[in-house]
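This report describes one protein chain.

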Amino acid sequence: MSWSLRMEHSPASVPAALPYYVAFSQLLGLTVVAVTGAWLGLYRGGIAWESSLQFNVHPLCMVIGMIFLQGDALLVYRVFRREAKRTTKILHGLLHVFAFIIALVGLVAVFDYHKKKGYADLYSLHSWCGILVFVLYFVQWLVGFSFFLFPGASFSLRSRYRPQHIFFGATIFLFSVGTALLGLKEALLFKLGSKYSTFEPEGVLANVLGLLLVCFGVVVLYILAQADWKRPSQAEEQALSMDFKTLTEGDSPSPQ
């Protein structure tokens, strides 16, 4: 009993392997952003808004926003384990806001570029998937804000929606990685054509970028899938949960 009481009042311990996986995910994510920049700089002429290089704003913004920042937002509850729940929620929401804004800039860039060049919009599988995942991402953020940051949602409603929010968050992230891979291959085929099969240096670098995208996505999802790595409930959260159970089910709080 005394050991149990000590465990209940001790600070939440960090799983031994978690920091290493999180650090590895950040290394992968930053490498993805860096390799994307290198690919655009070395083989696509760089980035500019008022020129033919405007298109290159699109892949860079999408990788930063919909891949790297979105993945980091999902990891907030694994990294910040002892902070107040509301603080963690706000950080989680803000990272998603930054990701959304950066991705929006990427969308505006590609549509504006197509308009200036007279190119058709929304005809490829990549563009269909991209619009779908962007809309789903926006809806997910709005619903999450309404349930978890807006004060009007009840505790029971939040509890019932939380599993769906977690599931769709991971699904949208996975969908984002897949859409990025479609866009990467589309860009290569448009420029290289049949030369893609001759191991052109740009094609090799882009293939490496694709593998890095997959690795980043896998590591993030692996961290999220480990039940032992979930953020433990703080004392005040457990008290609120017990109070709600007492009011709704008539149970009286008792030591476990």
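## A nonpolar surface patch

Trp49, Ile101, Leu104, Val105 and Val108 make a nonpolar surface patch of about 390 Å². Patch residues have over 30% relative accessible area and no salt bridge, and nonpolar side chains (Val, Leu, Ile, Met, Phe, Trp, Tyr) are joined within 5 Å. A salt bridge is a side-chain nitrogen of Lys or Arg within 4 Å of a carboxyl oxygen of Asp or Glu. Areas come from the Shrake-Rupley method with a 1.4 Å probe, and for residues only the protein chains shown count as cover.

Leu104 lies in helix α4 (residues 85-117). Leu104 is partly exposed, with a relative accessible area of 37%; buried means under 20%, exposed over 50%, and partly exposed in between.

## Basis of the model

This is a predicted model, in which local features need pLDDT of at least 70 and side-chain atom pairs count only at pLDDT 80 or more, while totals for chains, interfaces and linings use all residues. Residues are numbered from 1 along each chain as its sequence is written, and side-chain values use heavy atoms, with hydrogens and water left out.

## The chain as a whole

The protein chain has eight helices and zero strands. Helices (H or I, at least four residues) and strands (E, at least two) are DSSP runs, numbered from the N terminus. Of the 256 residues in the protein chain, 39% are buried.

Technical notes. Patch = residues over 30% accessible without salt bridge, like charges linked within 9 Å, V, L, I, M, F, W, Y side chains within 5 Å. Buried < 20%, exposed > 50% of the residue type's maximum accessible area, 1.4 Å probe, protein only.
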